[in-house]
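Subject: Structure handover

Hello,

Here is the structure you asked about. My notes on it follow below.

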Amino acid sequence: MASSKTFFYAKNLEDVFYQMKTISDLKIVAGCTSFIEKEFYDKVLSIRDINELKIIDKHERYLDIGAAIKLSEVAELGEANLPATIYEAIATIANPSVRNIATIGGNICSKGFYNTLFASFLALDASLEFRNGEDSSFLSITNFEKIPEGKLLSKIRLPTEEWEVSVFRRLGPTNVLNELSASFVFLVNSQKNQISDIRIAMAGSFKFRDQDLENKIIGAHLPLSQTAISNFLLEAESSFDENVSNSNLNPILKRQFWNLVKYSLEQLT
Ligand SMILES: Cc1cc2nc3c(=O)[nH]c(=O)nc-3n(C[C@H](O)[C@H](O)[C@H](O)COP(=O)(O)OP(=O)(O)OC[C@H]3O[C@@H](n4cnc5c(N)ncnc54)[C@H](O)[C@@H]3O)c2cc1C
């Protein structure tokens, strides 16, 4: 039997919230590019053309990016206005045609997988604003598990501080996502030849960021010695084992994590 799909339309955000409240099982979508090989929802409302969700606000220390901003529009902000890890990550996603439809909000909210931008947001300590018709609240991306019931993602708050060392690597096949896909991010700042801040994140079928691990190397003197690198790699390996509890994880990804942490630390020698 053919299944029926119903598409709802909203003029503005108020209308979106009204429909979310009054239509049962309504699902919010954006560019719909994640549904090419997936079963589509029965009742959908696209927020892709909602103007209130298409605003980019530049502040001194952060950028607020509306959830309906397309990936191509984020990239158009340019290398000078974006953290390098975000700019580089977007360039690896799909192709220009998909990036011209897919939204930044859809990239974060895709179900069952942490998409290509997730590790960069995790490393940068981005926050997510969720809204319904009554209120809005920010949640650190570190604590993001799923979209709060009855709410939608309205904006992403992205800290824009500069990083002296920034490594982004996309792993797995190009142009598609599968169980071998993941993104790795490594960021470092220093003061007086000591590491003052470091971020290490990886995401794909799992997400990894461990601030206790990062704290273990803050204050280390630069250039890093081979002993400091070897000791930290042991810590990183055990942190990965402790924090990534995905039993189906392909062991290649753990090996790639180790290799990339090693490669990144060697940039500090
Ligand atoms: C050929 C091809 C290649 C691709 N390659 C990549 C790749 O390399 N890397 C990658 O990361 N992705 C890739 N994708 C997947 C996808 O295009 C992106 O992740 C994209 O950013 C999703 O955005 P969208 O606007 O199309 O989201 P949609 O498909 O519309 O939505 C994705 C999910 O998020 C939910 N959602 C969307 N917006 C909101 C919101 N504001 N609030 C609450 N929930 C919301 C939807 O309900 C849905 O579950 C690829 C897709 C295609 C077709």
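Strands here are DSSP runs of E, at least two residues long, numbered from the N terminus. By that count, Ser140 is found in strand 7. One caution before the rest: this is a predicted model.

**Serines**

Ser140 is partly exposed, with a relative accessible area of 28%. Leaving aside neighbours within four places in sequence, Ser140 is in contact with Ala126 and Ser127. Ala119 is 21 residues from Ser140 in sequence, and the two are 13 Å apart in space, C-alpha to C-alpha.

Ser72 sits in helix 2, residues 71-76. Its relative accessible area is 13%. Buried means under 20% relative accessible area, so Ser72 counts as buried. Ser72 touches Arg99 and Asn100, not counting residues up to four places away in sequence.

**Domains and cores**

The domain assignment gives three entries: domain 1 (6-46), domain 2 (52-159) and domain 3 (185-266). The centres of domain 1 and domain 3, taken over C-alpha atoms, are separated by 39 Å.

The largest nonpolar core has 38 residues. Ile86, Ile104, Leu117 and Phe121 have the most contacts inside it. Helix 6 (residues 118-124) gives the most to this core, with 6 residues.

Leaving aside neighbours within four places in sequence, Phe121 is in contact with Ile86, Ile104, Ile108, Ala126, Ile141, Ile156 and Leu158.

**Aromatic rings**

A pair of aromatic rings is described by the distance of the centres and the angle of the planes. Rings pair here if their centres lie within 6.5 Å. By this rule the count comes to 11 aromatic pairs.

Take Tyr114 and Phe118. Their ring centres are 4.6 Å apart and their planes are at 50°, so the pair is tilted. Tyr114 is buried, and Phe118 is buried too.

Phe130 and Phe144 form another aromatic pair. This one is stacked, at 5.7 Å centre to centre with 25° between the planes. The pair links distant parts of the chain, 14 residues apart. Phe130 is in strand 6 (residues 127-131). Phe144 is in the loop between strand 7 (136-140) and strand 8 (152-159). Both Phe130 and Phe144 are buried.

There is also a cluster. Ring pairs link Phe184, Phe206, Phe208, Phe240 and Phe257 into it.

**Charges over rings**

Lys27 lies over the face of Tyr41, at 5.7 Å from the ring centre. The charged end of Arg255 sits over the ring of Trp258, 4.8 Å from its centre.

**Backbone points to check**

Which residues does a cis peptide bond join? Leu222 and Pro223, with omega about 0°. Pro223 has its place in the loop between helix 7 (211-215) and helix 8 (226-243).

Asp25 has a positive phi of about 60°, although it is not a glycine. Asp25 is found in the loop between helix 1 (13-22) and strand 2 (27-29). Is Asp25 buried or exposed? Asp25 is exposed, with a relative accessible area of 63%.

Lys192 also has a positive phi, of about 45°, and is not a glycine. Its place is in the loop between strand 10 (182-191) and strand 11 (194-203). Lys192 counts as exposed, at 80% relative accessibility.

**Cysteines**

A disulfide is a covalent bond between the sulfur atoms of two cysteines. How many disulfides does the structure hold? The count is 0. Cys32 is in no disulfide, and the nearest cysteine sulfur, that of Cys109, is 13 Å away. A disulfide needs the two sulfur atoms within 2.5 Å. Cys109 is likewise in no disulfide, with the sulfur of Cys32 as its nearest cysteine sulfur. Cys32 is partly exposed, with a relative accessible area of 28%.

Best wishes

Conventions. Residues are numbered from 1 along each chain as its sequence is written. This is a predicted model: local features need pLDDT of at least 70, side-chain atom pairs count only at pLDDT 80 or more; totals for chains, interfaces and linings use all residues. Side-chain values use heavy atoms; hydrogens and water are left out. Rings of Phe, Tyr and Trp (its six-membered ring) pair if their centres lie within 6.5 Å; planes under 30 degrees apart count as stacked, over 60 as edge-to-face and the rest as tilted. Buried means under 20% relative accessible area, exposed over 50%, partly exposed in between (1.4 Å probe, protein chains only). Helices (H or I, at least four residues) and strands (E, at least two) are DSSP runs, numbered from the N terminus. A charge sits over a ring if NZ of Lys or CZ of Arg is within 6 Å of the ring centre and within 35 degrees of the ring normal. A nonpolar core is a set of buried Ala, Val, Leu, Ile, Met, Phe, Trp, Tyr and Cys residues joined through side-chain atoms within 4.5 Å. Contact means heavy atoms within 4.5 Å. Domain bounds come from an automatic or database domain assignment.
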